[in-house]
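User: I would like a close look at one part of this structure. Please keep the explanation plain, and then show how that part sits beside the rest.

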Amino acid sequence: MSPDLSCLVHWILFLPLVVAAFSAVVLRRAGTIAAWLSTATAFVIAYLAWIVLSQVPGDLVWHVKLANFGQMELGFGYLLNAHARLMLFVVSFVAAWIHLFSIGYMADDEAKGRFFAGLSIFMFSILGIVVADNLLMTFIFWELVGFSSYMLIAHYFDKDFAAAASKKAFITNRVGDLGFILGLAFCLQHFGTLNFADLAAHQPAGGWPIALGALLMCGFLGKSAQFPLHVWLTDAMAGPTPVSALIHAATMVAAGVYFMARIFFLMTPEVLEIIAISGASMAALGGLCALAQTDIKKSLAYSTLAHLGIMACALGLGHPELALLHMTMHAFFKATLFLGAGSVIHGCHHEQNMLQMGGLLKKMPITATAFIIATLSNCAVPFFAGWYSKDAIIEAAFHGHHYVAFGLLAIAALATCLYSARMVRLVFLGSAQSEAAEHAHESPWTMTVPLVILGVVFSLAAGFATSFLIPANATVSIAEPLHEMAFSFTAPATWVGLLSLLAGWAALKFYGIFPGKDSLQVFSPRTYHLLEHRWVDSFYEWYLHKVQRRAAEFIAFLDLLLINGVIGRWIAAGIPAVLGYFTGRTLHRGQTRGYALWIILGTLLLAWCFLAR
Amino acid sequence: MQISPSVLLLIAVYTPILTGLILLTLRKLPQSFASGFALGGFAIPGVIAPWLLAKWLSPNTEIQQFISEGPWGFGMGLNGLGAPLLAMTAFVGLAAGIKALTQEVEARNTYLGLILFMFGGTLGVFATTHLIGFYFFHEFALVPTFILTLFWGGEGRRSAAMQMALYLTAGAMASLAGLLIALDASGLSFNEATLVRVVEALAEGPHLPQATAALILFGLGTLASLFPFHSWAAPGYSAAPTPVSMLHAGALKKFGLYGIILLGASSLHLSQGTLGNWFLGLAVANVFVVGLICLVQRDLKQLLSWSSVAHMGPIFLGIWVAGTNGKAAGLDAAAFLMVAHGLSCAALFLLGNAVRTRAGTYRLDSLGGMASRSPILAALFIAATMASIGLPGFGNFWGEIGVFLSLGGLPLWLQAIVASTVVISAVYSLRAVAATFFGPATEALEERYRVAPFGDLGLAEIGAASFLLGASLVIGFCPAIITRSTNPVMTDIAAYSQRAEIKLSKPAPQRAPQSPATPAR
């Protein structure tokens, strides 16, 4: 342990909190200053993280006691192990560029101060999850991440959909956190500690209980938007696009995967099996549903769901290092895709409907280049960043003889190529379909520089040039799968990938048949409607309005009728009757002054009784 | 010259009462004088009480320095639970005072004087060492509460004040009966009856029937709105003028919990046997049933009032669980939540009223989109809401999570019902936030704006709310401020509760055949 480095971690963690508080209180009306201050902070954090990563000799451990509840000790500390170092790099690096992008994207926004204060709060929260050395601290920052997400989704709060989406995101996450809390209580009850290192050192003889893994998994289901708690993520696109890129694609939702990798030793085979199947299903479903969205951000949101499913599946198959590898690569190319979408939306004067776009390749060449490279990475074209992780996971499913997962992942890979081709075709190729697309323009440098760094450099080269791009200390946990990855015609995953790419090429043609329309919708409206995916939401809405609300109303009615009515009347009749007996007058007419008098007299009487003893 | 802490304690409690007395006798006092006096009465405890807490936490001070003997049970002294509650009350009182001073009301001096009485009485509750002083100060604070609600209250004040008076009188009577029985059993004379001695005497003395414990639990429980004796609370807080709601729901209500912890939990084995099962069931109902009732509220102040009842549930559960396993974790968490809830709840009532003065209504369906016109109000209201639903960073989080963690021994389904409060409270609180501040402004609100244009919060309101939320943040970031004070006393109380249990169990017959497995708790 090095004292200097833990001091640097303090700075990394608390600097954004201080900046956020300062921006919220002092810079409320000075949005531009707040924007640059917050962005500068993000780069300082990235720099400090780089120093820590290049100097840290091994795991960095630091711990302090916060408070005692009875014998229960609550602590705060850092555990910067291999997983945490990777995540620290991904978060600080991607976030810095997205901050810079936001300056351009939010240039005309009136509430920049609030927005950037929110981003800084988010940085504080996510970095807390990264460095936390115990479950409770993870939970604390887990909740804070949920809060920052809530505030940023509600950025356009005067729109009803943003208000509803922010609420939905927070509450759905809390449903998952309910399980997390129970997991914390279970862990403390049975093992007496919440510290990662202590837990890892004391594996019980009979293995870890299923309940512990299953309960902690609930937190992951909520945060990483896995079935059945995935409904909030697509609505969360109501927030500004940089928020979608940073929080709802690259870091926060991936934090669930990171958390699972961190506590992977607690997972039992039963829990892993659930995660594998549900993850693979989510991957296939998310990919297919992305085909039936006209909003570019919603389509990308379903794509994120699919990739989170792939990461979950890797976890479930017993390969946390592959999940983390995919999380890293996904952070680069999905951040680029969202930033590209943001740039397109910005260029098209806030048009988000892909059917209204078209022909942007020539008008926005830098955005288009970055977007297309990220798309190829997304489709796992060999030697692009995404290929290293995604093919490895598909291959792992095959070699693990988990053919259900393999099949579902193959569908996901196919769907990925289809929706990616559709997106590129509708947005960048063909001809402009609206006035807005006709007058589109390339974005300012604050937006294109991040696109080039994340898109052109990292989405392309993060796989084969890792050692040049990422500090070696950060890649310890993913180095092995990365080096083992090689192109081979004998691998089933290669054939899945090649066939999918072929299908993607066909889709490129297919979606060009009806300009301004969705070809699938024209050919098979029913399939399209099915893929629009509203059924889980509809079920929840039915439950909330028809079941929960009615039950609550019924209980409130019973409370009023029975408890308030009966008990209230009983007391109301009883006391005045007793008092009235003594005074000979009725006190039924609300003479509270009379009551006050009686209370004082009664107290004095009793006091006198005492004194007389 | 150094003033001893015990003198400062006396000053903190009696300054509001004396200034209140001045305002009540000199009712014709010009407004500026009256305001000056009242501000002094509200602010002096606000300065002294946090200082006392800091002094209390310092390892160099002895408990004796905080104690001053007084006649007839009016001796003052702090204990580990009273010290943070006193500081919390002082903060809530100061914020309530600022609110009261900015209000335009009839008979202003009387109004301020009565609020000062209420404030002083609540401070007295947490600063007294004697059983009778404890009871006296509570009644001393409660009587002005009724009068203030009845004469200065809002819609439905008559029936609310009536109902509140009935319930609270009944509760106070029941608890008094219990206290008297307990005092009798302890064999102490009135003058000797300090809280500490009563507890010690009870733990060592004869075993009291559970009916006594029940009287104290349900009596004091009524004052703290234990289900099903909660019906007075929501209408009572709703109808009361805002400073009164703040002081009552935030601080005064904690009297019942304070009494349950100090007297009931320590030596009356509230959590054991049949009574213990009832206690558990009712506390769970406080969390879950009242939580569901919150979901259907259509009026902002009613919602705040109901949620303040629901938030008592985890506190009761923390007290209950410590009595079953003898671990102080539950009590520490309950105490933490008592302090934190006082701060957040007072802030919510304060800011809720700021919504009302601007929009002219508390009805959620007529509100909407206020964040555009009053962004600071919206920001502070959201912060207070987040505090009340236990967002980390605010004090309430430590209380809630502490209770949940201490309940680890319960069956999982029961834990799930209790912990479901994190979802339910988020649902109703965020719904209120969205309905009040988000979305486009409603037509009713636009119309109101045309008639009476409103702006953002004034400096006084910002100051009062920031004061409360700032305090919550401080204990949220440094929870040891509270736990270092409560931990020793709670550890003792938890130990006492088990000592009583050991005394309770009959001596086991020698070499008795092993009984068939009894269900373990």
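In which helix of chain B is the place of B:A83? Is B:A83 buried or exposed?

Analyst: The model is predicted, and every value below is computed from it. B:A83 lies in helix 3 of chain B, which covers residues 82-102. B:A83 is buried, because 25 other C-beta atoms lie within 10 Å and the cut-off for a buried residue is 20 or more. Leaving out residues up to four places away in sequence, B:A83 touches B:L52, B:L53, B:W56, B:L78 and B:S485. As for a residue it can be set against along the chain, B:A211 is 128 residues away from B:A83, and the C-alpha atoms of the two are separated by 31 Å.

Next comes the nonpolar core. The largest one has 442 residues, and the members that touch the most other members are A:C313, A:L409, B:A95 and B:L468. Helix 15 of chain B, residues 329-359, gives the most to this core, with 21 residues. Apart from neighbours within four places in sequence, A:L409 is in contact with A:A280, A:A283, A:I310, A:C313, A:I393, A:I394 and A:A397.

Two packed helices are described by the angle between their axes and the distance between the axes. For helix 8 (residues 210-223) and helix 12 (residues 269-289) of chain A, the axes come within 8 Å and cross at roughly 30 degrees. Angles under 35 degrees count as roughly parallel, so helix 8 of chain A is roughly parallel to helix 12 of chain A. Helix 8 of chain A brings A:I210, A:G213, A:A214 and A:M217 to the contact, and helix 12 of chain A brings A:E270, A:V271 and A:I275. By class, this contact has five nonpolar, one polar and one charged residues.

Last is the contact between the chains. It takes 68 residues from chain B and 56 residues from chain A. On the side of chain B that touches chain A, helix 6 of chain B (residues 157-186) supplies the largest share, ten residues. The residues on that side of chain B divide into 47 nonpolar, 16 polar and five charged.

Notes
Residues are numbered from 1 along each chain as its sequence is written. Chains are lettered from A and ligands numbered from 1 in the order in which they are written. This is a predicted model: local features need pLDDT of at least 70, side-chain atom pairs count only at pLDDT 80 or more; totals for chains, interfaces and linings use all residues. Two residues are in contact if their C-beta atoms, placed from the backbone, lie within 7 Å. Helices (H or I, at least four residues) and strands (E, at least two) are DSSP runs, numbered from the N terminus. Ala, Val, Leu, Ile, Met, Phe, Trp, Tyr, Cys and Pro count as nonpolar, Asp, Glu, Lys and Arg as charged, and the others, Gly among them, as polar. A residue is buried if 20 or more other C-beta atoms lie within 10 Å of its own, exposed if 12 or fewer, and partly exposed in between; C-beta atoms are placed from the backbone. A nonpolar core is a set of buried Ala, Val, Leu, Ile, Met, Phe, Trp, Tyr and Cys residues joined through C-beta atoms within 7 Å. Axes are lines fitted to C-alpha atoms, for helices over the stretch in contact, and angles run from 0 to 180 degrees between N-to-C directions. Angles under 35 degrees count as roughly parallel, over 145 as roughly antiparallel, 65 to 115 as roughly perpendicular and the rest as oblique.
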